[in-house]
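Let's take a walk through this model together, starting with the whole chain and then moving to particular side chains. Keep the viewer open as you read.

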Amino acid sequence: MKYYLLRPIQRWLVDTHFNKAKSTMMNIGGLYKLSAAIDMNHLADAINRVLAAEDVFHCRFLFHPETSDLCQIFDGAPEHVFLERMSEKSFEQRMEKLREPYYLINRPLYRIYLMQTPEANYLYVDFYHAIMDGVASAYLFVKAVDAAYRGRNKRHSPSYAAYVEEEAKIPREELAEGHEYWKKMLANFDKKKHLPPVDVEGVAAWTQGKFSYEFKNFTEEFFRTTRINENNFFLGASMLTLAKITGSKDSVMSWIHNGRTNMHEYRLMGLMLEQYSCAWDFSDDITIGEFLNRLEGQNQIGMKYRKSLNLIYDEGLEDDCVSFIFQKGMNGDFVLADTPAKVIYLPPNEISAVENALDIEVEAQPTGMYVVALDYDASRYSEAAIQNFAVTMNKILIDMRDLDKKFSDILKA
């Protein structure tokens, strides 16, 4: 049996989860209603072929017998998927128990259920976040299952185990320059200064709050006409919003990239995302256009040092940072064998928990509009405070369309 160290991002996610081990905070996936045209037994066979072919689904977490370090192996047996037939009433009861916490040691790190009632077909997929990210689960996995369902010959998949092993071999001296870069980036982080002010007391720590808001009078037409990078624009707006809400002259937060920079990585089924730190001092009163150019430069430098992010993960330097992610074409629904798979949203339950103080997720909609989904720690913030954050961000987005405006014009009281 070969033991592999967890990647730094994996360790960070697992350590975060250990603080709330009985929660479902690291579950990603969802419940989908499938077309009646789908052959459910054939779909089960297709999914099982994908699980057998991708080494990430053979992953198990184990403590190393000699060092006691939490490690991973890639030779566990995949959990077989089969079709379950049930009544509508039984399905309604089952829905309440689909999302469960993961028990990490020597267990499968995913759950896939196929369910059929007299009225409909359903697919439930749930991956532990420390082995799968959104690109892998919402795109690569769906694409692989679709190909297997159609009987297409699948290309040889890149090995996630090999990627983990290769990354672990990078000499520490090659990471030193990047370590200094990230230390400097986060040197001034202060959660009293760089997080929204707390306005709630008496609520259990890390209680999950969710608030969604569709931005008004702001559409993708702006980006079509200006060719400005959407990710950087919304990241910049998030940083400015944070500065305005906190009354600070600077922002320190993080942004999430899918971690894939070449075609080999884009084919890797596994956890690849990275969380980059970003910081800006708004006392240098430049225009929005110049800000966006410089922010793009900062992000490019950060990606150059992405392998040195292990310092941040190992030391937990981003544990309290506000985080940002921009997503496009990942709104839940997908197409399987030319038929629609429609997401059925499962509400938070008593074992839900939030990962960060505040996560800002901007999602591009097929309509050309944008929705911000704010996942927040309800033990710190009220829904009213989070709604104010969303409305403030909307105003800042509209102001930022004038690329000649300066920070002082936007951050003024």
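What you have on screen is a predicted model, and its protein chain contains 14 helices and 15 strands. Start with the overall dimensions: along the principal axes, the C-alpha trace spans about 60 × 50 × 45 Å. How does the radius of gyration fit with a compact globule? A compact globule of 413 residues would come out near 22 Å, and the protein chain has 22 Å, so the two agree.

Of the 413 residues, 55% count as buried. If you look at contacts between residues at least 6 apart in sequence, 78% of them join residues at least 24 apart. The accessible surface of the protein chain comes to about 19400 Å², and carbon and sulfur atoms account for 50% of that area.

Now for the charges. The protein chain carries 47 positive and 59 negative side chains, and the centres of these two sets lie 2 Å apart. Side chains of opposite charge can pair when their charged atoms come close. In this structure there are 22 salt bridges, and a few of them are worth a visit.

Begin with Arg-11 and Asp-314, whose side chains form a salt bridge with an N to O distance of 2.3 Å. Arg-11 sits in helix α1 (residues 8-18) and Asp-314 in helix α12 (residues 310-315), so this pair ties together parts that are 303 residues apart in sequence. How accessible are the two partners, Arg-11 and Asp-314? Arg-11 has 29% relative accessibility and therefore counts as partly exposed. Asp-314, at 43% relative accessibility, is partly exposed as well.

Next, turn to the salt bridge between Asp-375 and Lys-210, at 3.2 Å from N to O. Here the link runs between strands: Asp-375 belongs to strand β15 (residues 370-377) and Lys-210 to strand β8 (residues 208-214), distant parts of the chain that are 165 residues apart. Asp-375 has a relative accessible area of 12%; because the cut-off for buried is under 20%, Asp-375 is buried. Lys-210, on the other hand, is partly exposed, with a relative accessible area of 46%.

The side chains of Arg-380 and Asp-320 also meet in a salt bridge, with 3.4 Å from N to O. Arg-380 lies in the loop between β15 and α13 (383-400), while Asp-320 lies in the loop between α12 and β11 (323-328), so the pair ties together parts that are 60 residues apart in sequence. Elsewhere, salt bridges that share partners connect Arg-7, Glu-167, Glu-274 and Lys-307 into one network.

Finish the tour at Asp-146, which is found in helix α4 (residues 134-149). With 12% relative accessibility, Asp-146 counts as buried. Which residues does Asp-146 touch, not counting those up to four places away in sequence? They are Arg-152, Val-335, Leu-336 and Ala-337. The C-alpha atom of Asp-146 is also separated by 9.1 Å from that of Asp-338, a residue 192 places away along the chain.

Note on methods
Residues are numbered from 1 along each chain as its sequence is written. This is a predicted model: local features need pLDDT of at least 70, side-chain atom pairs count only at pLDDT 80 or more; totals for chains, interfaces and linings use all residues. Side-chain values use heavy atoms; hydrogens and water are left out. Helices (H or I, at least four residues) and strands (E, at least two) are DSSP runs, numbered from the N terminus. The radius of gyration is taken over C-alpha atoms; the globule rule is 2.2 Å times the number of residues to the power 0.38. Buried means under 20% relative accessible area, exposed over 50%, partly exposed in between (1.4 Å probe, protein chains only). Contact means heavy atoms within 4.5 Å. Accessible areas come from the Shrake-Rupley method with a 1.4 Å probe; for residues, only the protein chains shown count as cover. Lys and Arg count as positive and Asp and Glu as negative; His and the chain ends are not counted. The place of a charge is taken as NZ of Lys, CZ of Arg, CG of Asp or CD of Glu. A salt bridge is a side-chain nitrogen of Lys or Arg within 4 Å of a carboxyl oxygen of Asp or Glu.
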